[in-house]
Structure formats: structure tokens, C-alpha cells
Amino acid sequence: EFISRLVFKDLMFLEEIEEKLSKIENSVINHNFEKFNSKLAEVKKALLVYYRYYSQLLALCDNIKATESDYFDKDTIRLVGLFSQRVERLKAETELLREYAIQIQDMYQTEVSVRQNDIMKVLTIVTTIFLPLSLLTSWYGMNFKYMPELATKYGYYVIMAISVIIVIISVIIFK
């Protein structure tokens, strides 16, 4: 009776942890990453505590079964065996929840990577569009005395038109 009380409501606790993990997973799906790491770390620590607890209970059961003839009768040993099976199921459930937490963490890492890739794609496109313009401005910013376009009446407008054409062509290519 005493040792069965040790895991009396543990299945309910594991169900609560599973519910927390489900909420964390939904927050990742909805791109709500607020305090993700701290929430998941808290759940993973709780699962680790339960996992070690069940391992210790199984070791206790093994010790009781090993000394069966010395202190306990056959009926008690049978009950300890049933308790041991229950603890093994709880330990297996805890292991499944730990794997679920790892899957959620992997999903979070994937979402972060996708967001970073999208940002890098936009930055690459912007850089590629404005790189030719930087070349033009640096070229015509040299102030050489005999640059033919500097002396013409419409040189400024020609360079401006070339810059606009370059931007339009770049945008068309990237679309």
C-alpha cells in the first residue's frame, strides 16, 4: 500500500506535462516564440526528475524481488511485481514525453532557420539590386578631369536613367 501511493497520481501529472508540451507545440506552430526556451526547459527538467524517480523505484522493486525469501511472502512479491510493471509503464510514458519535447525543440529550430533564411533571401536581393548602383556612384565619384559624361548637358539624366533601368531589370529578374 505504501509503495503504491508513491505513484498514485503520477499518470495525471504526466498528462498535465503532456498538455504543457502540446501548448508549447501550438505556440511554435503559431509562431509565438515568447519564452519558448524557458518553458521547454522547465518541462524537460520535470520529465528528467520523473524519469530518474521511476528508475529508482524500479531499482527498489528489483531489490525487494531479490530478497523475496528473506523478508516477504509470495503474495507481497506478486504485488511488488505488479507495481514494478506499473512503474515501467510510467517510465516508458515519461520517455515518450521526453522524445516529444525533443521533437518540439527540433520544430522550433526549423522554424527559426526558415525565418533566418527568408531574411537572408531579402537581404541578398536588396544587396544584388543596389550593388550595380554602388558601382556607378563610385565610378562617377572619382572626379577625373576628362570624363566625357561630366561635360555633357544630359550626363546626369543619362546616369539616372541607367540606374533606374538597372533596378527595374534586377527586380524583373528576381521576380
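In this predicted model, Tyr54 touches Val7, Asp10, Leu14, Val87, Leu90, Lys91 and Thr94, leaving aside residues up to four places away in sequence. As a general background, nonpolar side chains in soluble globular proteins tend to be buried together.

| Helix pair | Axes come within | Crossing angle |
|---|---|---|
| α2 (residues 10-29) and α3 (residues 36-66) | 11 Å | roughly 155° |
| α2 and α5 | 10 Å | roughly 10° |

An angle over 145 degrees counts as roughly antiparallel, and α2 and α3 are therefore roughly antiparallel to each other; their crossing is left-handed. On the α2 side, Asp10, Phe13, Leu14, Ile17, Lys20, Leu21, Ile24 and Val28 take part in the contact, and they meet Phe36, Lys39, Leu40, Glu42, Val43, Ala46, Leu47, Tyr50, Tyr53 and Tyr54 in α3. Sorted by kind, the residues of this contact comprise 14 nonpolar and 4 charged ones, with no polar residue among them.

For the second pair, the angle falls under 35 degrees, the limit for roughly parallel, and α2 and α5 are therefore roughly parallel to each other. From α2, the contact draws on Asp10, Leu11, Leu14, Ile17, Glu18, Leu21, Ser22, Ile24, Glu25, Val28 and Ile29, while α5 supplies Leu90, Glu93, Thr94, Leu97, Tyr100, Ala101, Ile104, Met107, Tyr108 and Glu111. These residues divide into 14 nonpolar, 2 polar and 5 charged.

The loop between α2 and α3 deserves a separate look, and both His31 and Lys35 are found there. Most residues other than glycine have a negative phi. His31, however, has a positive phi of about 60° although it is not a glycine, and Lys35, which is not a glycine either, has a positive phi of about 55°. Are these two residues buried or exposed? His31 is partly exposed, with a relative accessible area of 41%, whereas Lys35 counts as exposed, because its relative accessibility is 58% and the cut-off for exposed is over 50%.

Technical notes. Residues are numbered from 1 along each chain as its sequence is written. This is a predicted model: local features need pLDDT of at least 70, side-chain atom pairs count only at pLDDT 80 or more; totals for chains, interfaces and linings use all residues. Side-chain values use heavy atoms; hydrogens and water are left out. Axes are lines fitted to C-alpha atoms, for helices over the stretch in contact, and angles run from 0 to 180 degrees between N-to-C directions. Helices (H or I, at least four residues) and strands (E, at least two) are DSSP runs, numbered from the N terminus. Angles under 35 degrees count as roughly parallel, over 145 as roughly antiparallel, 65 to 115 as roughly perpendicular and the rest as oblique. A crossing is left-handed if the near helix is turned anticlockwise from the far one by less than a right angle, and right-handed if clockwise. Contact means heavy atoms within 4.5 Å. Ala, Val, Leu, Ile, Met, Phe, Trp, Tyr, Cys and Pro count as nonpolar, Asp, Glu, Lys and Arg as charged, and the others, Gly among them, as polar. Buried means under 20% relative accessible area, exposed over 50%, partly exposed in between (1.4 Å probe, protein chains only).
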